Amino acid sequence: MKKNLLSFALIALLGAASATSASAQAAMTPGTVSVGGKAMYPNKNIVENAVNSADHTTLVAAVKAAGLVETLQGKGPFTVFAPTNAAFSALPAGTVETLVKPESKATLTKILTYHVVAGNMTADKIMAAIKAGKGTASLKTVSGGTLKAMMNGPKNVVLVDEKGGVSTISTYDVIQSNGVIHVIDKVLMP
């Protein structure tokens, strides 16, 4: 009995050590970035990572309401400029509630796809495009609109939407299996 108890304790201890080691290893996976308090793994797709971010619950709900989950789980690559919950909260009162209604699906889809650029536009590529454009890069969005990317300081990229709204990228290069996410502080409007 004592031997079985000792074996059980040893197995439990090894299991706990193994789980701790796996957690530590996951935390140290190259390319892993924390967004919204959760790890964003480069081997997961945009949707698989975004659903874990506490800062992007409104965006995830909007993506689901627009029926874009399957698209953003696709092969890509996609560059997503992901507004935070605070960005959505800064919209006029009632805007988000109206946009997620079934009758607003077309408008919501246009707004969300305005935050997506085809391809894998890492920060280095965006900054190179800005330099090549002598201070401004035009980024064609999946919705068919255009975003202007510009530098605001030596390492800070801002995006200007078609209505003149300005959004700052706060977290760059959250690498995904099907593209890259850049976290932004404002919702962009086509």
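Tutor: Helices (H or I, at least four residues) and strands (E, at least two) are DSSP runs, numbered from the N terminus. Keep in mind that this is a predicted model.

Student: Okay! Where does Lys134 lie?

Tutor: Lys134 sits in the loop between helix 8 (123–132) and strand 5 (137–140). Its phi is positive, about 55 degrees, although Lys134 is not a glycine.

Student: Is Lys134 buried or exposed?

Tutor: For that you need the cut-offs: buried is under 20% relative accessible area, and exposed is over 50%. Lys134 has 79%, so it is exposed.

Student: Which other residue has a positive phi although it is not a glycine?

Tutor: Asp173 does, with a phi of about 55 degrees. Asp173 is found in strand 8 (residues 166–176). Its relative accessibility is 25%, so it counts as partly exposed.

Student: What about peptide bonds? Which residues does a cis one join?

Tutor: Gly76 and Pro77, with omega at about 5 degrees. You'll find Pro77 in the loop between helix 4 (69–72) and strand 3 (78–83).

Student: Let's follow strand 3, then. Which way do strand 3 and strand 9 run, parallel or antiparallel?

Tutor: Parallel, with six bridges joining the two. One of the pairs is Phe78 with its bridge partner Gly179 in strand 9.

Student: And strand 8 with strand 9, parallel or antiparallel?

Tutor: Those two run antiparallel, joined by five bridges. Thr171, for instance, has Val183 in strand 9 as its bridge partner. Strands 8 and 9 form a hairpin, with two residues between them.

Student: Why is strand 9 said to be largely enclosed by the rest of the structure?

Tutor: Because six of its six residues are buried. Look at both faces: Gly179, Ile181 and Val183 are buried on one side, and Val180, His182 and Ile184 on the other.

Student: How many residues apart in sequence are Val180 and Phe78?

Tutor: They are 102 residues apart in sequence, while their C-alpha atoms are 6.4 Å apart in space.

Student: Thr122 turned up in that list. Where is Thr122 found?

Tutor: In the loop between strand 4 (116–118) and helix 8. Thr122 has 18% relative accessibility, so it counts as buried. Not counting residues up to four places away in sequence, Thr122 touches Asp173, Ile175, Val180 and His182.

Student: Last topic: cores. What's the general idea?

Tutor: In soluble globular proteins, nonpolar side chains tend to be buried together.

Student: And here, how many residues does the largest nonpolar core have?

Tutor: It has 26 residues, and Leu72, Val80, Leu112 and Val187 have the most contacts inside it. Among the elements that each supply at least two residues to this core are helix 2 (46–50), strand 3 and strand 9 (179–184). Helix 3 gives the most, with four residues.

Student: What is Leu112 in contact with, leaving aside its neighbours within four places in sequence?

Tutor: Leu112 contacts Leu59, Ala62, Val63, Ala66 and Leu68.

Key
Residues numbered from 1 in each chain as written. Predicted model: local features only at pLDDT ≥ 70, side-chain atom pairs only at ≥ 80, totals over all residues. Heavy atoms only, no water. Buried < 20%, exposed > 50% of the residue type's maximum accessible area, 1.4 Å probe, protein only. Core = buried A, V, L, I, M, F, W, Y, C linked by side-chain atoms within 4.5 Å. Contact = heavy atoms within 4.5 Å. Pairing = 2+ DSSP bridges.
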